[in-house]
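Open the model in your viewer and keep the selection tool at hand.

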Amino acid sequence: MERFEEFTAFMLKSTSPKSPKLEILINLLLLITNWVIMFVASKYDSWFLSNPYVLESEVLLLKYLLEPNPGRALSVGCGSGLFEFILRTRYGIVINECVEPSEDMVRVARARGLNIKIGYAEDLPYGDAEFDTVILNGVLDYVRDDVKA
């Protein structure tokens, strides 16, 4: 996947604005790259997608807790961004900023329109009190130090 991104970045840098055929090729490559990313996401998300009642109950709980407006919200350990994507597209609840340690999941979440920083719950790349709401949805099972997180 990194090679797709490197090639696309190279092509974008070397593209002349007067070359519509090359622009079409680049857009096609970007589309294919996004399909590959979504395939990775589908493997990651498949458990939730095959257990829709669990997915929906977690999404509705988050919706209930975040309504009417979470303010500036941070999702820690957002994974593929599935929950943030559903909250935004179904309910208009916007959580744009996230932290995730897995580079593969960061790529998937970015493809879903999220602004991600690579990091861990125990050492967030933000200062204190920068957010009105911080979400740790299913994260504490994976952290090394839950008190610090």
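A pocket, as the word is used here, is an open set of grid points with protein on both sides within 12 Å along at least five of seven lines, and its lining residues have an atom within 4 Å of a point. The model on screen is predicted.

**Stop 1: the second largest pocket.** Select Leu-74, Leu-124, Tyr-126, Gly-127 and Asp-128, which lie nearest the centre of the second largest pocket. Its lining consists of 16 residues. The space inside comes to about 210 Å³. Colour the lining by class and you will find ten nonpolar residues, five charged and one polar.

**Stop 2: the largest pocket.** Now select Tyr-44, Gly-77, Gly-138, Val-139 and Tyr-142, the residues nearest the centre of the largest pocket. This pocket holds about 550 Å³ of space, and 29 residues line it. Two or more lining residues come from each of α2 (20-50), β1, α4 (82-91) and β2 (97-100). Which element gives the most to this lining? Show α2: with four residues, α2 is the top contributor. By class, the lining of the largest pocket has 14 nonpolar, eight polar and seven charged residues.

Stop 3: Centre the view on Leu-87 and display its contacts. Leaving aside residues up to four places away in sequence, Leu-87 touches Val-59, Leu-62, Lys-63, Leu-66, Gly-92, Ile-93 and Ile-95.

**Stop 4: a cis peptide bond.** Go to the loop between α3 (52-66) and β1 (73-76), where Pro-68 is found. The peptide bond joining Glu-67 and Pro-68 is cis, with omega of about 0°.

**Stop 5: a positive phi.** Finally, select Ala-129, in the loop between β3 (115-118) and β4 (133-135). Ala-129 is not a glycine, yet its phi is positive, at about 60°. Is Ala-129 buried or exposed? Its relative accessibility is 78%, so Ala-129 counts as exposed, the cut-off being over 50%.

Notes: Residues numbered from 1 in each chain as written. Predicted model: local features only at pLDDT ≥ 70, side-chain atom pairs only at ≥ 80, totals over all residues. Heavy atoms only, no water. Buried < 20%, exposed > 50% of the residue type's maximum accessible area, 1.4 Å probe, protein only. 1 Å grid on protein atoms, 1.4 Å probe; cavity = no way out; pocket = protein on both sides within 12 Å on 5 of 7 lines; lining within 4 Å. Points joined across faces, edges and corners; volume = space filled by probe spheres on them. Nonpolar A, V, L, I, M, F, W, Y, C, P; charged D, E, K, R; others polar. Contact = heavy atoms within 4.5 Å.
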